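This report concerns the charged side chains of the structure shown below, their pairing and their surroundings.

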Amino acid sequence: MMDYIELRAIEVGKYIIDSKATVRKTATKFGVSKSTVHKDLTERLPQIDHHLADEVRDILDINKSERHIRGGMATRQKYLLLHRVN
């Protein structure tokens, strides 16, 4: 694996832990795709730093369990805003 990929995987993992960010927000921050972030976190990071990968996995599991709530709240905000405009 290239050095810059390993460094990116570690940086992405640390960012997720520090900010408890989602994969989508992390991808935007680092200027890469969601697929790249996901691959860095689930495939590459465990090979590089198993302890860091375990911490990241915990946060990803939390985000996954809450995503339906976030989606519902975003939809609610969208329609509240549309209702206010009309």
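Helices are taken here as DSSP runs of H or I with at least four residues, numbered from the N terminus. The model is a predicted one. Because E66 and R70 are four residues apart in helix α4, about one helical turn separates them. Their side chains meet in a salt bridge, with an N to O distance of 3.1 Å. E66 is partly exposed at a relative accessible area of 33%, and R70 is likewise partly exposed at 36%.

A search of the whole structure finds five salt bridges, including those in the table.

| Salt bridge | N to O distance |
|---|---|
| D40 and R8 | 2.7 Å |
| E43 and K39 | 3.8 Å |
| E66 and R70 | 3.1 Å |

The pair D40 and R8 forms a salt bridge that links distant parts of the chain, with D40 in helix α3 and R8 in helix α1 (residues 3–19), 32 residues apart. Both residues, D40 and R8, are buried. A network of salt bridges connects R8, D40 and R44.

Helix α3 also holds both E43 and K39, which are four residues apart, about one turn of the helix. Of this pair, E43 is partly exposed, with a relative accessible area of 45%, and K39 is partly exposed, with 36%.

D49, D54, E55 and D58 form a negative surface patch. Within this group, D49 is placed in the loop between α3 (34–48) and α4 (50–85). D49 counts as partly exposed because its relative accessibility is 31%, and partly exposed covers values between the 20% limit for buried and the 50% limit for exposed.

Key:
Residues are numbered from 1 along each chain as its sequence is written. This is a predicted model: local features need pLDDT of at least 70, side-chain atom pairs count only at pLDDT 80 or more; totals for chains, interfaces and linings use all residues. Side-chain values use heavy atoms; hydrogens and water are left out. Patches are made of residues with over 30% relative accessible area and no salt bridge: like charges are joined within 9 Å, nonpolar side chains (Val, Leu, Ile, Met, Phe, Trp, Tyr) within 5 Å. Accessible areas come from the Shrake-Rupley method with a 1.4 Å probe; for residues, only the protein chains shown count as cover. A salt bridge is a side-chain nitrogen of Lys or Arg within 4 Å of a carboxyl oxygen of Asp or Glu. Lys and Arg count as positive and Asp and Glu as negative; His and the chain ends are not counted. The place of a charge is taken as NZ of Lys, CZ of Arg, CG of Asp or CD of Glu. Helices (H or I, at least four residues) and strands (E, at least two) are DSSP runs, numbered from the N terminus. Buried means under 20% relative accessible area, exposed over 50%, partly exposed in between (1.4 Å probe, protein chains only).
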